[in-house]
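Subject: Structure for you to look at

Dear colleague,

I am passing on the structure we spoke about, and below it you will find what came out of the analysis. Please keep it open beside you while you read.

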Amino acid sequence: MNQTASLPCAGVKVPEWHFRMMRDNVRNASIEAAIASCNVVEKTIVEIGTGAGLPAMLFAKYGASRVFTCEMNERVAAAAREIIRTNGFQGRIAVIAKSSRQAILDGDLPSAPDIIFTETLDAGVVGEGYEVISEDIRKIAGPATVVMPGLVRQVGFLCTDLRAFEQNSVFYECGLDLSGFNLFSKRSYFSVGKDLHDPTPLSPLILVRSYDYLNTSSLDPVEHQVVAHSSGICHGMMSYFEAHFGQFLVSSRERGSHWSMAFHPLLEPMPVESGRHYFLKADKSGSIGLISI
Ligand SMILES: C[S@@+](CC[C@H](N)C(=O)[O-])C[C@H]1O[C@@H](n2cnc3c(N)ncnc32)[C@H](O)[C@@H]1O
């Protein structure tokens with residue numbers, strides 16, 4: 001007999017990071033402080049990505065008259081509805097079990113709400129659908145709509161980190177060349193645990209990109225001149241983000257944050273020299289290239 005078949009959510013894929021995220025007190029406190037500080041009384045709110053419903057309920061708790069929140073995972077949306085009912089906010093929060101794109105197409109979200117909120121950030125910012133979500137936000141935002149977060153800054157540094165590089169590539173094993181498998185290597189970025197990794201920086205921290213959901217050029221390719229401060233083999237770039245929710249900052253850089261660091265691998269490791277200048281290019285997926293000048 002299949003012992004899991006009778007469990008209520010057997011077979012439903014809900015990423016396990018939801019729990020770590022919901023228990024990230026620093027993140028939660030910053031989001032609550034941002035909502036508490038921006039006078040949401042009688043305001044209309046749209047949220048993209050309900051999760052368990054925490055931000056939606058905070059908006060209602062601080063006085064929003066109507067919260068429209070969409071969640072593309074139907075089972076998560078159903079759970080959020082129940083949680084919202086348990087907490088007594090069902091009268092002011094509508095959970096729409098659809099992606100933001102579908103909810104807009106179906107006319108489920110109001111135009112020009114007072115605030116649009118989304119916390120759909122992964123370690124490298126864009127992996128949870130930033131491009132689509134920013135397009136959707138621009139479709140419904142009015143001239144006075146406040147978007148939270150208003151700005152997400154991604155900072156990074158070139159580094160030696162063989163262990164991170166090896167998580168994403170293979171060469172010789174048992175004397176056999178397996179490098180043909182590298183066509184499946186992740187080119188953009190992947191998460192690496194802060195506790196397990198100690199990358200050796202080869203450059204100072206640089207501002208890689210500023211993301212603004214209302215700005216259509218946020219995803220344009222960027223190019224930076226970087227001066228290496230140490231010599232070594234560069235395996236890629238390690239990055240963090242700082243998201244500005246009103247005047248409150250949520251940062252994946254905090255040791256206690258549930259977000260990991262993002263490692264952006266180079267296609268091939270490259271020697272860099274202290275004092276030498278390099279061009280660092282990054283595309284909208286977070287994939288990087290490094291050219292010595
Ligand atoms: C990182 S969780 C955050 C949940 C909640 N907002 C919070 O802060 O506690 C993001 C949620 O957004 C949902 N999501 C991502 N992109 C979405 C989209 N375009 N439309 C609707 N839901 C989306 C995911 O399924 C996930 O449950």
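Why is H3 largely enclosed by the rest of the structure? Before the answer, please bear in mind that this is a predicted model. Six of the eight residues of H3 are buried, so this helix is largely enclosed by the rest of the structure. The buried residues are Pro55, Ala56, Met57, Leu58, Phe59 and Ala60, and they pack against the helices H2 (25-37) and H4 (74-86) as well as against the strands S1 (44-48), S2 (66-70), S3 (93-96) and S4 (115-118). Just after H3, you will find Gly63 with a positive phi of about 110°.

Turning to the domains, the protein chain is divided into domain 1 (17-119) and domain 2 (152-292), whose centres, taken over C-alpha atoms, are separated by 32 Å. Twelve residues of domain 1 are in contact with ten residues of domain 2. On the side of domain 1 that touches domain 2, helix H1 (17-22) and H2 each supply at least two residues, and H2 gives the most, with seven. That side has seven nonpolar, two polar and three charged residues.

With best wishes

How values were computed:
Residues are numbered from 1 along each chain as its sequence is written. This is a predicted model: local features need pLDDT of at least 70, side-chain atom pairs count only at pLDDT 80 or more; totals for chains, interfaces and linings use all residues. A residue is buried if 20 or more other C-beta atoms lie within 10 Å of its own, exposed if 12 or fewer, and partly exposed in between; C-beta atoms are placed from the backbone. Helices (H or I, at least four residues) and strands (E, at least two) are DSSP runs, numbered from the N terminus. Two residues are in contact if their C-beta atoms, placed from the backbone, lie within 7 Å. Domain bounds come from an automatic or database domain assignment. Ala, Val, Leu, Ile, Met, Phe, Trp, Tyr, Cys and Pro count as nonpolar, Asp, Glu, Lys and Arg as charged, and the others, Gly among them, as polar.
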